[in-house]
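This report concerns a single protein model. Please consult the sequence and the coordinates alongside the text.

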Amino acid sequence: MCLKLFRTLLVHKQHFIIKIHNTNIVKYLSFLIPFLMMILINELVRPTITEKPYSRFGVTMINPLSNSKEKCSWICHNQTQYCKDHHVKYLNPYYKQTDIVYFGIINLLQSNGNYGLANIVLLVLSIPFLIWLFTIKSIKLQKKIKVLNE
């Protein structure tokens with residue numbers, strides 16, 4: 001039975017791929033690809049970290065807490081000025097503009113009462129979801145434009 005199914009797929013693979021590609025499942029699962037890539041990269045890098053990782057609330061992070069002038073750590077998260085002084089190279093002339101957005105987001109997250117949860121909801125879920133939504137909308141518009149131009 002499996003062999004017969006495999007032969008059918010092999011013979012009609014082009015039709016099968018087109019059929020899968022046109023389904024909404026691919027469109028909706030595409031939202032997970034960036035998250036899966038982020039997890040994969042983090043887990044591949046984790047074994048190469050030699051410093052003692054930072055732990056808080058029973059969660060072990062990948063980066064250490066130590067001060068390092070060579071690379072960012074949790075010190076950069078907790079003390080933005082340290083990071084700006086030692087790690088930022090190309091953004092220095094634009095601090096006047098970027099600090100408004102950066103500290104605006106930080107203040108928004110802190111005003112919620114639960115910084116960690118607000119961070120996850122806004123930066124990890126909501127913004128990527130909106131980007132994905134606008135990307136799908138853009139692809140649909142491009143298809144409509146293509147049809148109209150034909």
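## Basis

The model is predicted: local features require pLDDT of at least 70, and side-chain atom pairs count only at pLDDT 80 or more, whereas totals for chains, interfaces and linings use all residues. Residues are numbered from 1 along each chain as its sequence is written, and side-chain values use heavy atoms, without hydrogens and water.

## Helix α8

Helix α8 covers residues 115-149; helices are DSSP runs (H or I, at least four residues) numbered from the N terminus. Its 35 residues should span 51 Å at 1.5 Å a residue, and the end C-alpha atoms lie 49 Å apart, which agrees. The expected span is 1.5 Å times one less than the number of residues.

At Ser126, α8 bends by about 30 degrees, and Pro128 follows within four residues. The bend is the angle between axes fitted to the seven residues ending at a residue and the seven starting there.

## Burial in α8

Ala118, Asn119, Trp132 and Ile136 are the buried residues of α8. Val124, also in α8, is partly exposed because its relative accessible area is 32%. Buried means under 20%, exposed over 50% and partly exposed in between (1.4 Å probe, protein chains only).

## Salt bridges

The whole structure contains 2 salt bridges, each defined by a side-chain nitrogen of Lys or Arg within 4 Å of a carboxyl oxygen of Asp or Glu. Asp99 pairs with Lys84 at 2.7 Å between the closest N and O atoms. This pair links helix α7 (Asp99) to helix α6 (Lys84), 15 residues apart. Lys84 counts as buried, at 12% relative accessibility.

Glu43 pairs with Arg46 at 3.2 Å between the closest N and O atoms. Glu43 is partly exposed at 42%, and Arg46 is partly exposed at 33%.

Notes: Helices (H or I, at least four residues) and strands (E, at least two) are DSSP runs, numbered from the N terminus.
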